[in-house]
Amino acid sequence: MHSHGGELAEGSPYRIPSRKLTMWLFIISDAITFGALLFGYGYLRTASSDWPTPFKFNPSILNVMIMTVVLITSSLTMLGAVDSAKVGNKAKTRRFLWSTILLGTIFAGLHIREWFGLIDEGVRLFQNPWGSPLFGATFFAITGLHLLHVISGVVALAVISRGFSRGWLTPGHVETTGLYWHFVDLVWMFVVPLVYLLNISK
Amino acid sequence: MAGSAASKNVIAKYLPVYFVLLGIAALEIFLAYQHFSIGSLLAILLALAVCGGALAVMYFMHLAEERRSLFLTLIPATIFVLLMMNMIWSDSFRLLHMKPFPH
């Protein structure tokens, strides 16, 4: 007559661990946050007749090209880490995770160099030498939020690497962090064309 | 050793996606230096970015390998919200031409 609790419980409709589903939900909410920022930027750019187009091929676009290659390559090393973790190869997982951390750190360094270059040219949050004063606010807000995600990801990967090597974190943790890292890569694919390539100095 | 072989395999498996993503990035930069109107360039770059993003979500994030219910829960809702944000454009163009609201 009476069923046990285990028989009553239904399986997940998605057949994924709750941790992974939570990360997916976070990613979706974060995607909408970035979407809102990019739409806000698009609104201001379209409404301004004097929007600056300061990005020269050298150094800005060249820098962006290197950053893009670095970030997409880091997604590949992250895939290697997730796969190695699933088959239980801790040494290989650690190597792939630290390769990803290194690439993420290079990306962040290049990004900060780009920022300092623009600051040297006189770009501030609400002023710049070229045109609409809101250029700096949108540029630093969008790229800054992305940079914050990269730096957070690098820290998270370092923690995950240590935890997985010591056995107190599972391959599931590596996989969930991998999802986040690929999302950071995905956002960059929209930031480059909208923030940089639409504002090229020809 | 088994883990090492598996990792090599997974990288080899996703290398085509990796190169397509790099190709899309290169194409975007090439097109940005061509003489398109800003609207056309925006449309082309956005279309390419969506293709790159879709590849990353489906293959790097393995959404293609998950149950369809996960895809149907996450993606249509996200697209709907992002599409709803497009309602700002008419006001943005109005500001550009400094036209007042109709009374």
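Me: In this predicted model, two residues are in contact if their C-beta atoms, placed from the backbone, lie within 7 Å. How many residues of chain A are in contact with chain B?
Reply: The contact runs between chain A and chain B. On the chain B side, 43 residues take part. On the chain A side, the number is 43.

Me: Which element gives the most to the side of chain A that touches chain B?
Reply: Elements giving two or more residues to that side are α2 (18–47), α3 (57–86), α4 (90–120) and α6 (171–196) of chain A. The top contribution is 11 residues. The element behind it is α3(A).

Me: How do the residues on that side of chain A divide into nonpolar, polar and charged?
Reply: Five are charged. Another 10 are polar. The nonpolar residues number 28.

Me: What pattern does chain A follow along the sequence?
Reply: Chain A has zero strands. Its secondary structure comes to six helices. Read in order, the pattern is α-α-α-α-α-α.

Me: What share of the contacts in chain A with a separation of 6 or more joins residues 24 or more positions apart?
Reply: The C-alpha atoms of chain A fill a box of roughly 75 × 45 × 20 Å along the principal axes. Of its 202 residues, 39% are buried. Among contacts with a separation of 6 or more, the share from residues 24 or more positions apart is 76%.

Me: How far apart are the end C-alpha atoms of α2(A)?
Reply: This helix has 30 residues. At 1.5 Å a residue, α2(A) should therefore span 44 Å. The model agrees, with its end C-alpha atoms apart by 43 Å.

Me: Which elements of chain B do the buried residues of α2(A) pack against?
Reply: The buried residues of α2(A) include A:Met23, A:Trp24, A:Ile27 and A:Leu38. Within chain A, the buried residues of this helix pack against α5 (134–166) and α6. In chain B, their partners are α3 (68–84) and α4 (89–96).

Me: Which element supplies the largest share of the largest nonpolar core?
Reply: This core has 62 residues. Elements of both chains each supply at least two, among them α2 of chain A and α1 (2–32) of chain B. The largest share is 15 residues, and its source is α6(A).

Me: Which residues of chain B does A:Val192 touch?
Reply: A:Val191, A:Val192 and B:Ala56 touch the most other members of the largest nonpolar core. Leaving out residues up to four places away in sequence, A:Val192 touches A:Val64, A:Thr68 and A:Leu197 in chain A. From chain B, A:Val192 touches B:Ala25 and B:Glu28.

Key
Residues numbered from 1 in each chain as written. Chains lettered and ligands numbered in written order. Predicted model: local features only at pLDDT ≥ 70, side-chain atom pairs only at ≥ 80, totals over all residues. Helix = DSSP H or I, 4+ residues; strand = E, 2+ residues; numbered from the N terminus. Nonpolar A, V, L, I, M, F, W, Y, C, P; charged D, E, K, R; others polar. Buried ≥ 20, exposed ≤ 12 C-beta atoms within 10 Å, placed from the backbone. Expected span 1.5 Å × (residues − 1). Core = buried A, V, L, I, M, F, W, Y, C linked by C-beta atoms within 7 Å.
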